[in-house]
Amino acid sequence: MTNALTVRNASATDAAAVAAVHVAAWQIAYRGLVPDGYLDAMRPEERAARYTFGSTGASLPQTMAAVDDRGLRGFATVGRARDEADGVGELLALYVEPRSWRMGIGRLLIRHAHARLRALGFEEAVLWLLVGNEPAARFYEAEGWQPDGTRRQEEIWGVNVDVIRYRRVLARPMDAPAIDDVVTAWPRSSSRAPPRATSSTSPAPAADSGVRV
Ligand SMILES: CC(C)(COP(=O)(O)OP(=O)(O)OC[C@H]1O[C@@H](n2cnc3c(N)ncnc32)[C@H](O)[C@@H]1OP(=O)(O)O)[C@@H](O)C(=O)NCCC(=O)NCCS
């Protein structure tokens with residue numbers, strides 16, 4: 001058994017696994033930030049039904065999945081920023097299944113997300129983070145993102161939350177590490193972590209697929 005971690009484009013058949021990660025991560029990371037009743041009522045099948053995996057169109061969000069021989073461990077969704085000028089992309093979602101936190105999967109996914117945003121032509125990107133989600137704030141700051149001072153209330157999946165905007169300049173392709181460089185930077189040798197990581201993410205995605213935050 002190699003237990004290699006691969007980042008690839010998500011497809012329609014990943015919807016249930018993506019939704020399971022999505023709901024599990026919300027129920028733990030957002031406890032105390034989102035009402036308990038909302039979190040406890042979340043159902044993966046309801047989320048899965050609302051994804052747009054498998055649809056095509058250059059302007060639609062694209063989702064990448066991190067998978068190993070135990071299944072889907074996390075995912076990232078990128079696309080055009082919802083309310084920014086042209087040339088600005090958005091990290092729309094990034095979730096790792098809770099039992100796999102702090103193993104380097106989020107870092108691997110976000111670096112693929114940066115590379116995909118650059119490949120889509122974006123020179124800058126934004127993301128919206130729940131106010132109070134301090135572990136994720138530290139994660140993003142470690143990956144070069146900074147709050148830009150914008151805060152608002154937003155409805156996400158039917159619940160009103162306070163969010164703050166983070167922003168990052170994306171390196172020009174000539175400055176950026178190649179995907180292979182990112183993959184060989186897999187940081188962990190712990191017994192819980194996959195021993196090595198590989199990548200099958202191509203610069204030109206086969207299909208667009210989307211998950212909202
Ligand atoms: C945020 C999240 C994606 C990070 O993924 P991850 O796989 O756990 O992160 P990594 O192991 O790649 O961490 C990379 C670095 O980020 C920082 N970091 C990550 N989690 C952290 C935490 N809980 N506290 C402090 N720093 C943290 C560290 O610098 C870490 O490097 P190190 O472990 O070598 O010190 C993951 O915790 C998650 O899915 N959280 C719930 C969902 C969420 O909040 N998503 C963001 C929505 S906008």
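Reader: Where is the place of W157?
Author: W157 is in the loop between β6 (146-156) and β7. Helices (H or I, at least four residues) and strands (E, at least two) are DSSP runs numbered from the N terminus.

Reader: What should I know about the model and its numbering?
Author: This is a predicted model, in which local features need pLDDT of at least 70 and side-chain atom pairs count only at pLDDT 80 or more, while totals for chains, interfaces and linings use all residues. Residues are numbered from 1 along each chain as its sequence is written, and side-chain values use heavy atoms, with hydrogens and water left out.

Reader: Back to W157: is it buried or exposed?
Author: W157 counts as buried because its relative accessibility is 12%. Buried means under 20% relative accessible area, exposed means over 50%, and partly exposed lies in between (1.4 Å probe, protein chains only).

Reader: What about the phi of W157?
Author: W157 has a positive phi of about 50 degrees, although W157 is not a glycine. Most residues other than glycine have a negative phi.

Reader: And what is the phi of R102?
Author: The phi of R102 is positive too, near 60 degrees, and R102 is a residue other than glycine. R102 is found in the loop between β4 and α4. With a relative accessible area of 73%, R102 is exposed.

Reader: Where does S100 lie?
Author: S100 lies in the loop between β4 (88-96) and α4 (105-119). S100 counts as buried because its relative accessibility is 2%.

Reader: Moving on to α4, how many residues does it have, and how far does it reach?
Author: α4 has 15 residues and spans 21 Å from its first C-alpha to its last, close to the expected 21 Å. The expected span is 1.5 Å times one less than the number of residues. Helix α4 is mostly covered, as twelve of its 15 residues are buried; among them are I105, G106, H112 and R116. Just after α4, G121 takes a positive phi of about 100 degrees.

Reader: What does R116 make a polar contact with?
Author: The side chain of R116 makes a polar contact with the side chain of N9, at 2.9 Å. N9 is found in strand β1 (residues 5-9), and N9 is buried, with a relative accessible area of 17%.

Reader: Which residues of α5 are buried?
Author: In helix α5 (residues 134-142), A136, A137 and Y140 are buried. Seen down the axis of α5, these buried residues fall within an arc of 105 degrees, so they line one face of the helix. The arc is that of the directions from the helix axis to the C-beta atoms. On the other side of α5, P135, R138 and A142 are exposed.

Reader: What do the buried residues of α5 pack against?
Author: The buried residues of α5 pack against β4, α4, β5 (124-130) and β7 (159-169). Contact means heavy atoms within 4.5 Å.

Reader: What volume has the largest pocket?
Author: The largest pocket has a volume of about 860 Å³. Of its 34 lining residues, W101, G106, P135, A136 and F139 are the closest to its centre. On a 1 Å grid over the protein atoms alone, a pocket is an open set of points where a 1.4 Å probe fits, with protein on both sides within 12 Å along at least five of seven lines, and lining residues have an atom within 4 Å of a point. Grid points are joined across faces, edges and corners, and the volume is the space filled by probe spheres set on the points.

Reader: Which element gives the largest share of that lining?
Author: Helix α5 gives the largest share, seven residues.

Reader: Finally, how many helices and strands does the chain have?
Author: The protein chain has six helices and eight strands. Of its 213 residues, 49% count as buried.

Definitions and conventions. Polar contact = N/O pair within 3.5 Å; in protein donor to acceptor, adjacent residues only side chain to side chain.
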